[in-house]
Amino acid sequence: MLEGQYLDSLGAASGSPRPTEVHQHLRALIMSGAIPPGRRINIDDAARQLSVSPTPVREALAGLESEGLVVKVPLRGYRTTELLTRDELIELYELRMLLEPAAAASAARRRDDAALAAFDAELGTMSGHPAALPAGALSAHDERLHGLVFETAGNGLISRTYARTHCHLHIFRLSYAGSYGHGTLDEHVGIVRAIRDGDPDRAAEAMRGHLDSSLGRVLGTEAAGR
C-alpha cells in the first residue's frame, strides 16, 4: 500500500492534476526517494489522494514501467523497482563505458557556442558548494551534465538510453549516500574543458577516467551501506 504522506508532499492541494501531472508527480516522488524502492503503489489510494480517477494513475504507472521505475506484479499491481545489485551496477557502468566516451568525443567535434554556454551554466550550479555535497544535488547535476554531453553529441537514441539507466543510479545514490566530495565536479570540469578545446581524444579519455572513478565511489558507497 502507498502511504498517504508520500503523495501529500505533491498532492491535490493545487487542484485536480492533469494526466501528465500525475505522471510527473509520481515520478518525482520515486526519484526523490519519497516512495522507496520495492514499495507497492495502490492505484485506488493514489487516485484518491490526487483527486483523479484510477485511469490516469494507471496510465502514469504504465509510463513509469516503460522507464523502468516501476514493475507490474501479476495479480498484485505495481511496485517501485528494487535497488540495483552490485552486479547490476557493474553492468550499468560497462554500458556507460561503451556509450559515453564516444559521446564525449562526438561532443568535442560538434560543440558550438550554445552548447558551451549550457555546459558553463551547469557547472555554475555547483559553484560555491561546501566540501561535502548532498547526494541528491550532486546526482541531479551529474544527470544533467551527462545529458548535455549526449545532447551535444547529437544522438537522440543514446540520450534516451542514458536517461532510462541513469535514474536507477540516482535512486541508488539517494538510498546509500549522505554526501560526496568534489572529485566528481573536478572530473566534470576536465570533460568540459576537453569538449571546449575541441579535442575528441582527450574528451573520451576524460570521460573514461570519470566513469572509472565514479564506479569506485559508488561501490564504496554500497559497501559503507551494509
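## A tour from confidence to cavities

Helices (H or I, at least four residues) and strands (E, at least two) are DSSP runs, numbered from the N terminus. This is a predicted model, in which local features need pLDDT of at least 70 and side-chain atom pairs count only at pLDDT 80 or more, while totals for chains, interfaces and linings use all residues. Residues are numbered from 1 along each chain as its sequence is written, and side-chain values use heavy atoms, with hydrogens and water left out.

Colour the chain by pLDDT. The chain mean is 83, and 83% of the residues reach 70 or more. Now select residues 9-14. Their pLDDT stays under 50, and the model has 10 contacts for them beyond four places in sequence. Contact means heavy atoms within 4.5 Å. Where pLDDT is low, the predicted coordinates should not be read in detail.

Three of them form an open, antiparallel sheet in the order 1-3-2. Two strands pair if DSSP finds at least two bridges between them. Strand 1 (40-41) and strand 2 (70-73) are the edges, each pairing on one side only.

Start with strand 1. Two bridges join strand 1 to strand 3, in the antiparallel sense. Show R40: its bridge partner in strand 3 is R79.

Move to strand 2. Four bridges tie strand 2 to strand 3 (residues 77-80), again antiparallel. Step along the pair: V70 has T80 as its bridge partner, K72 stands opposite Y78, and V73 stands opposite G77.

**The pocket and the cavities**

Rolling a probe the size of a water molecule over the atoms shows where empty space is left. On a 1 Å grid over the protein atoms alone, a cavity is a set of points where a 1.4 Å probe fits but cannot get out; a pocket is an open set with protein on both sides within 12 Å along at least five of seven lines; lining residues have an atom within 4 Å of a point. Grid points are joined across faces, edges and corners, and a volume is the space filled by probe spheres set on the points.

Select T81, E82, L83, L84, T85, E88, E91, L92, L95, T165 and H168, which line the largest pocket. Its volume is about 160 Å³. Helix 5 (86-110) and helix 8 (156-176) are the elements giving two or more residues to this lining. The largest share, four residues, comes from helix 5.

Finish with T81, E82, L83, L84, H168 and I171. They line the second largest cavity, with a volume of about 50 Å³. The structure holds four cavities of 30 Å³ or more.

Terms used. pLDDT = per-residue confidence, 0-100.
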